[in-house]
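I am opening a notebook on a structure that is new to me. I want to look up a few places in turn and write down what I find.

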Amino acid sequence: MSEYNEKHGKREASGSGFSLKKWWSNYRTWVASLDRGARIRYRVYQGLSAAALLVIALVLFLQSWIKLPEVPTPPSPPAPGINGGASQSGDPSSGLEYEGAELPEVTKSGRKPGYYTFLVCGRDVVSGGTDTMILITYDTKAKSINAISLLRDTMINTSASSKRLNTVFARNMGDRSLPDKKRVDNGMSALRMEVSKLTGIYPDFYVVVQWEAVGELVDAIGGVEFEVPFLMNYKDPYQDLVIYQEPGLRLLNGRDAMEVIRFRKNSDGSHSLGDVGRTQIQRDFLTAVLKKCLTPEILLKLPTLVQIFMDNVDTDLTVGNILAFAQLAVGMDIENNLTFSPMPCYGVSYGTASMVCAQQDELLELLNDGINPYLDEIQASDLQLMYQKNGGGFGVTNASLADPAVGRVYTPKPKPEPEPPVEPDEPDNPDSSGDPSSSSQPGGTSEDPSGSSSQPNEPDITDPGTENPSGSQTQPPEEPVIPGNIGEIDPGVVFPDPSPDIQNGNGSIAADGLNILPQTAA
């Protein structure tokens, strides 16, 4: 009996289990029993179900990949460096040493929700400098973009020989033996810190574009409509560079775009833009590119654009991050919600170099009108701006000069031109022309009509500022020529020299935080 039950139980267990072979046999039998119409409808249903499952899986994958990045925490000031206590900035392990690691106070006030900041740079392949720098703030909730162009010739507070903003990146990249990504991170850490001193904003992310990528991008999106402001005609055999663009509204291809954004002046000297004019054209062109990129038909070209991006752009954003920002920008009102502004500045001369310094009040107004991502307003105390003093030297706000030599700068006094030879005067009395005794001899004596004798001729030797025998005032020696031709703007009005009552006279920091140097030539 137990033997029967054992066999019977096993038979029941095996019969109640799931058999894939049996299920498949039953399924084929069921499908075969359907008529032709029902079988077609069933196959269509099968296909739609499989497609739906694939779409759901793809959406779930994209949601995990295409997402907005977390706003990074700005670096904390690291320990003092080894060179005289110089501060280091960015990654403390990078070995970089440059001034001004401490972030502006406004960065500690918290963030406005939905605000992201980017430092976008166009890198010159020859010099390695960042000749185009744009600080961008993207308000994802209001779908608005506000940006400010930072001029390449902006004077910065540094002990390096070059005081231009566009040299910071290349100078701080580090040894060439480092991986390319590490070198770019090093350079951008330094540049972002310098931008924070100039604007009070430490950029969240960076994008470094090789200029060649602009042409490829324009070709990939089918060209860009742009109003070329005037005839551009320039040839530079040294760089093998030829620029020729007819004026007017035209559809520019990639080669045209490269010529427009690289233009500085015509070969005949006309339309010499300078840094300000050149960045204005670049801003206008970037606006035109963004307008085209935000059109619906460009979505079909995303694979090509992503490949161009991966090949020509260095950034700390992922492709998924960029697609997430682009997704939020769909439907943006480009005409009203996209603003590019130049940095308010005035021209200065440092030695033989023409540079610019930021105008503090105008800059603060611009920054707090849509660019500032922080809860508190950016104040003058958050900025470290170079300025030119009335005496011709330079100072910096809210910091000491990294290079004390710029505190008092003179240019060499120009050499006087040789005077033309003086022709001898004709005698006043023609009758005495033949009488040797009536002429004055050098170093001798002469007789006047009264018969009195004059003293030997001697050069006039008069101390500066004293009266000569004739009673007239002699002029003191000329002062050294001081640079600082800044056009119509008086640097003393923009940033006046500290008043005497706060100077301590020994070149140290006065009560207002400015570095006061003795008023002597460096």
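Is Gln 245 buried or exposed? I noted that Gln 245 counts as buried because its relative accessibility is 1%, where buried means under 20% relative accessible area, exposed over 50% and partly exposed in between, with a 1.4 Å probe and protein chains only. Before going on, I wrote down that this is a predicted model, in which local features need pLDDT of at least 70 and side-chain atom pairs count only at pLDDT 80 or more, while totals for chains, interfaces and linings use all residues. I also kept in mind that residues are numbered from 1 along each chain as its sequence is written, and that side-chain values use heavy atoms, with hydrogens and water left out.

**Around Gln 245**

I found Gln 245 in strand S7 (residues 241-245); helices (H or I, at least four residues) and strands (E, at least two) are DSSP runs, numbered from the N terminus. Its side chain makes a polar contact of 2.7 Å with the side chain of Glu 259 and another of 3.1 Å with that of Asp 256. A polar contact is a pair of N or O atoms within 3.5 Å, and within protein one must be able to donate a hydrogen and the other to accept it, with residues adjacent in sequence counting only if both atoms are side-chain atoms. Leaving out residues up to four places away in sequence, I listed what Gln 245 touches (heavy atoms within 4.5 Å), including Val 228, Phe 230, Leu 252 and Val 260.

**Aromatic rings**

I looked up the aromatic pairs next, and the structure holds eight; rings of Phe, Tyr and Trp (its six-membered ring) pair if their centres lie within 6.5 Å, and planes under 30 degrees apart count as stacked, over 60 as edge-to-face and the rest as tilted. Tyr 116 and Phe 325 form an edge-to-face pair, with 5.1 Å centre to centre and 75° between the planes. This pair links distant parts of the chain, 209 residues apart, since Tyr 116 lies in strand S1 (residues 115-123) and Phe 325 in helix H10 (residues 319-329). Tyr 116 counts as buried at 10% relative accessibility, and Phe 325 is buried with a relative accessible area of 8%. Ring pairs join Tyr 116, Phe 118, Tyr 138, Phe 205 and Phe 325 into a cluster.

**Confidence**

Last, I checked pLDDT, the predictor's confidence in each residue from 0 to 100: the protein averages 74, and 68% of the residues score at least 70.
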